[in-house]
Amino acid sequence: MSATGADRLSSVLRGDHHVHSTFSDDARSTLAENIAAASAAGLETVRLTDHVRASTTWVPEFVAAVAAERIPDGLTVLTGVEAKLLDAAGSVDLPEGLVVGRGGVDAVVIGDHQFPGVDGPWSPTMTRERLAAGLSEDDALDLMIEASIRAMERTPHAQLAHWFSILPKVGLDESQLGAQRLLAWAQAAAATGTIVEVNEKWDCPGPEAIAALLVAGARIVASTDSHVAADVGRYERVPALLEAGARAAAGETEEAR
Ligand SMILES: [Zn+2]
Ligand SMILES: [Zn+2]
């Protein structure tokens with residue numbers, strides 16, 4: 001890999017863009033513990049991110065609590081709320097009146113926690129049943145890509161969390177997406193300014209998707225999706241994904257010449 005490629009990867013690894021605190025009911029560390037852990041891990045950037053849904057009311061308290069934290073020198077603290085992709089039209093399960101940008105959170109972190117069906121979210125079981133009942137795998141993959149693109153178009157300041165983690169849950173595999181779908185997805189990320197995570201916990205997206213993002217010029221960040229401060233900024237799987245993605249992208253560029 002070229003020196004610039006290696007530099008770019010190591011700078012990505014100096015951020016952790018998806019870190020949960022006790023504002024999420026399934027996480028154990030406080031905002032202060034996560035900030036201290038990010039600084040101790042030598043990170044330059046951390047995005048404090050907690051789970052919301054339409055009924056969530058605590059986002060203003062979360063924003064105020066982050067603003068009240070003392071931030072160590074050399075660390076930039078960003079915020080986000082993680083909400084699920086709901087349907088093929090790209091709607092996202094966000095609280096009404098959510099402020100994103102000045103005075104609010106910095107990003108909407110969209111999670112593919114359910115399959116985006118035409119009539120609303122399908123659980124993995126429902127999706128498997130529909131596939132067994134005749135929904136073709138190609139149609140399901142098209143739905144996933146269309147929903148992703150619509151969500152990016154509809155959601156300013158979006159970041160895709162652990163994208164395509166839903167596919168194995170429904171019995172599909174990222175490798176089935178193919179170059180054309182990945183290209184459309186990656187171009188939409190670049191065109192809308194959507195940030196895409198390479199996620200340690202879910203080990204995704206894979207090298208072909210990362211390569212498509214690199215070729216399209218989309219912004220890639222690393223994330224642990226930590227639920228405890230000890231995990232903040234600790235990457236075991238992300239470096240290999242990024243390197244494989246960069247190699248695949250270099251191959252594609254080579255072929256295009
Ligand atoms: Zn998630
Ligand atoms: Zn998460």
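Good morning, colleagues. A residue is called buried when its relative accessible area is under 20%, exposed when that area is over 50%, and partly exposed in between. By that rule H113, at 25% relative accessibility, counts as partly exposed. Please keep in mind that the model before you is predicted.

I begin with the metal site. H162 is buried, its relative accessible area being 2%. The zinc ion (ligand 2) lies 3.6 Å from the zinc ion (ligand 1), and E82 coordinates both.

I turn now to the backbone. Most residues other than glycine have a negative phi, and most peptide bonds are trans. The loop between β7 and α6 (166-169) also holds F164, whose phi is positive, near 75°. F164 is buried, with a relative accessible area of 1%. H157 likewise has a positive phi, near 60°; this residue belongs to the loop between α5 (137-154) and β7 (158-161). Is H157 buried or partly exposed? With a relative accessible area of 48%, H157 is partly exposed.

Finally, the peptide bond joining C204 and P205 is cis, with omega about -5°. P205 is located in the loop between β8 (195-199) and α8 (207-216). Thank you for your attention.

Definitions and conventions
Residues are numbered from 1 along each chain as its sequence is written. Chains are lettered from A and ligands numbered from 1 in the order in which they are written. This is a predicted model: local features need pLDDT of at least 70, side-chain atom pairs count only at pLDDT 80 or more; totals for chains, interfaces and linings use all residues. Side-chain values use heavy atoms; hydrogens and water are left out. Helices (H or I, at least four residues) and strands (E, at least two) are DSSP runs, numbered from the N terminus. Buried means under 20% relative accessible area, exposed over 50%, partly exposed in between (1.4 Å probe, protein chains only). Donors are N, O and S atoms within 2.8 Å of the metal (3.2 Å for Na, K and Ca); water is not among the atoms, so sites may look incomplete.
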